[in-house]
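Hi,

Here is the structure I promised to pass on. Have a look at it first, and then read on for what turned up in it.

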Amino acid sequence: MALKVGIVGLPNVGKSTLFNAITNSKVEAANYPFATISPNVGVVEVPDVRLDNLAKVFNSKKIISTTIEFVDIAGLIAGASKGEGLGNAFLANIRETDAICQVVRCFESKDITHVDGSVNPIRDIETIQLELIYADEGSVDKRISRIAPKARGGKDKEAIVEHDLLLKLKQGLSDALMISQMKLTDDEFEMAKSFQLLTSKKIIYVGNVNDDELAEDSENYKKLSDYAKANGNECVKICARLEEELTELEHEEKMVFLSELGVEETGLEMLIKTAYKLLDLKTYFTCGPQEARGWQFKTGSTAPVCAGIIHTDFEKGFIKAEVYSYDDMMVFKNEADLKAGGKMRLEGKTYIVQDGDVCHFKFNR
């Protein structure tokens with residue numbers, strides 16, 4: 001299943017322009033609020049030179065990359081949690097994502113109006129953050145009303161634990177804290193995540209800048225970057241308009257153009273790397289003459305769990321895995337020599353899969 005990232009922000013900050021760029025599609029991007037009237041979804045292949053190189057070694061007929069699913073959600077405004085603007089329908093779309101990518105306007109422009117009349121990255125972040133908090137307060141209150149009768153009986157221990165946690169979350173939210181900012185135990189945080197609350201999701205801030213601000217940080221972007229660091233969040237600098245233009249260029253032309261601007265990779269590549277880092281994701285590979293394929297997995301996953309990503313039967317009937325590293329394959333160039341060189345291993349159920357592993361799973365059918 002593809003990693004799912006929701007793109008949010010105030011109207012006219014460049015969300016749909018960014019979406020157009022990263023999915024190379026053409027949704028409406030207009031200079032007025034709510035140009036996006038339903039969530040647009042785009043699936044993007046994750047570029048990985050390792051997969052391309054493995055496909056060459058195996059002469060694979062097909063290459064299947066890992067993917068990220070981006071959901072472009074209409075511009076939120078103050079009062080969205082109470083139904084203002086396009087309101088609750090779009091907050092519901094955010095609940096279904098793995099992470100939130102908040103596009104924050106850092107560029108100045110006389111031609112593109114700002115919904116609040118001026119460019120102020122921190123104010124914009126706080127506007128969105130408060131709407132997420134207000135929405136979560138409503139969700140927590142509903143859960144409390146459902147679980148309270150069970151907890152009051154004093155016999156249902158699970159209900160008591162959940163009720164106590166919900167009261168703790170309610171207090172934190174009323175103090176304008178995101179769940180990610182609250183002092184929770186690991187168990188409490190895992191339970192809170194299961195409630196699908198918006199403020200428990202990890203956040204990437206995307207500072208949308210002018211193209212002449214890519215090489216050197218503007219004052220607006222510095223404020224955003226400092227805020228992100230202070231709150232333990234990730235921040236990426238992108239010129240959404242430029243990213244959209246780059247989709248029209250061939251790879252070599254694109255890299256020359258970026259070099260002239262003083263940057264080494266596209267905003268999309270930076271965003272993907274940041275999303276993987278934020279969600280603690282890695283990639284392993286399966287390869288053969290028919291296809292070379294990448295698979296996303298959470299850091300720390302065992303071989304059976306990774307096998308189950310391909311098919312649940314692989315995890316249930318897991319016997320062992322033949323494993324070697326991408327780096328070793330690039331040295332030996334074929335499996336026979338790699339095996340003769342002692343670089344192919346048989347691993348069991350406790351093996352922790354590493355980023356760049358090439359795996360062949362053996363299982364009982």
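A quick definition to start with: a salt bridge here is a side-chain nitrogen of Lys or Arg within 4 Å of a carboxyl oxygen of Asp or Glu. Keep in mind that this is a predicted model. By that rule, the count is 18 salt bridges.

One group of them is joined up: Asp 48, Arg 50 and Asp 355 are linked in a network of salt bridges. Within it, Asp 48 pairs with Arg 50, and their closest N and O atoms are 2.9 Å apart. Asp 48 and Arg 50 are both buried.

Next, the pair between two helices. Arg 143 forms a salt bridge with Glu 162, with 3.1 Å between the closest N and O atoms. This one links distant parts of the chain, since Arg 143 sits in helix H4 (residues 121-152) and Glu 162 in helix H5 (residues 157-174), 19 residues apart. Are the two partners buried or exposed? Arg 143 counts as partly exposed because its relative accessibility is 22%, and the cut-off for buried is under 20%. Glu 162 has a relative accessible area of 16%, so it is buried.

How do those two helices sit against each other? H4 and H5 pack at an angle of about 155°, and their axes are 9 Å apart. Angles over 145 degrees count as roughly antiparallel, so H4 is roughly antiparallel to H5. The crossing of H4 and H5 is left-handed. By type, the residues of the H4-H5 contact divide into 11 nonpolar, two polar and seven charged.

The side chains of Glu 190 and Lys 193 meet at 3.4 Å, N to O. They are three residues apart in helix H6 (residues 186-194), so about one helical turn separates Glu 190 from Lys 193. Glu 190 is partly exposed, with a relative accessible area of 46%, and Lys 193 is also partly exposed, at 38%.

Last, a loop residue. Thr 266 lies in the loop between helix H9 (251-260) and helix H10 (267-278). With a relative accessible area of 8%, Thr 266 is buried. Leaving aside neighbours within four places in sequence, Thr 266 is in contact with Glu 243, Leu 246, Lys 254 and Leu 258.

Cheers

Technical notes. Residues numbered from 1 in each chain as written. Predicted model: local features only at pLDDT ≥ 70, side-chain atom pairs only at ≥ 80, totals over all residues. Heavy atoms only, no water. Buried < 20%, exposed > 50% of the residue type's maximum accessible area, 1.4 Å probe, protein only. Helix = DSSP H or I, 4+ residues; strand = E, 2+ residues; numbered from the N terminus. Contact = heavy atoms within 4.5 Å. Axes fitted to C-alpha atoms, helices over the stretch in contact; angles between N-to-C directions. Parallel < 35°, antiparallel > 145°, perpendicular 65-115°, else oblique. Left-handed = near helix turned anticlockwise from the far one by under 90°. Nonpolar A, V, L, I, M, F, W, Y, C, P; charged D, E, K, R; others polar.
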